[in-house]
Amino acid sequence: MAEKVDVRDMLNQPDEFITFTDKVIKWGQENLKAVIAICAAFVVGVCLVVGISAYLDYRNDQAAQAISQAYAEYVQIVAGQEQKPDLGPAVEGLSKATAEYGATSAGIMGRLALGNLLLEKGDWAKAEELFSELSDEPDLALILKPLAWHSLGKAQEGQKKFREAAQSYATAAQGVGKSLKSVFMYDQARVLAAAGSKDQASSMYRKLIADFPDDPYALRAKAALVAMNLDPAG
């Protein structure tokens, strides 16, 4: 007997767009050593701002100082410390700083932050342009590239470029751990369905269920199949 899925319960779940904060949390759980390294690098950057500039070259020191204030505003926003945040100052500050220092290590992280603020604002076209550049950025750490690709997909989806978004989500799913891969596969299937590719979408949903049967997104995939009038166990 096919497993029963409460579609109404599934449809009451949070919006399918996984937030940037959620992505970072999941990614951090899978890449603890990398998180420690990045945090250590950021601490070094903070030290540079207060005068300990021996760790990095002069230009990175200047970039850290230029970006630090705007980055602090960005962190406050994504941490949910403001009820109705005004994204304008953070976007303006990061835009100005990354325009001058975007090629530095601090500047690349600032561009990631800026891109996700643009997503929060719904400025899909600018976000797509920025994340398209970041996905090809040779100095972006390999462990961060899947996040850049996923954000690119989100920007494309916001513009209803569903097939392009499906490809970006598929690229993001390569080389990531279980908790993020299931999310990225689900997003790929979802935009394929939005593009009218029902067969491709259902195949991706079934692959997700088969590969990650106990994952929460497998339950969402089953609900999506039921909504498509398909048997999840078929």
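Which residues do ring pairs link into a cluster? Y186, Y205 and Y217. A few notes on that, and on one helix pair.

1. Ground rules: this is a predicted model, where local features need pLDDT of at least 70, side-chain atom pairs count only at pLDDT 80 or more, and totals for chains, interfaces and linings use all residues. Numbering runs from 1 along each chain as its sequence is written, and side-chain values use heavy atoms, with hydrogens and water left out.

2. Rings of Phe, Tyr and Trp (its six-membered ring) pair if their centres lie within 6.5 Å; planes under 30 degrees apart are stacked, over 60 edge-to-face, the rest tilted. The count here is 2 aromatic pairs. Y186 and Y205 make a tilted one, 5.8 Å centre to centre with 55° between the planes. That pair joins helix 10 (residues 178–194) to helix 11 (residues 198–211), 19 residues apart; helices are DSSP runs of H or I, at least four residues, numbered from the N terminus.

3. Y186 also pairs with Y217: centres 5.3 Å apart and planes at 65°, so edge-to-face. Y217 sits in helix 12 (residues 216–227), so this pair ties together parts 31 residues apart in sequence.

4. Y186 is buried at 4% relative accessibility and Y217 at 12% (buried is under 20% relative accessible area, 1.4 Å probe, protein chains only).

5. Elsewhere, the axes of helix 8 (residues 145–158) and helix 9 (residues 162–173) come within 8 Å and cross at roughly 165°; axes are lines fitted to C-alpha atoms over the stretch in contact, with angles from 0 to 180 degrees between N-to-C directions. The two are therefore roughly antiparallel (over 145 degrees).

Methods:
Parallel < 35°, antiparallel > 145°, perpendicular 65-115°, else oblique. Buried < 20%, exposed > 50% of the residue type's maximum accessible area, 1.4 Å probe, protein only.
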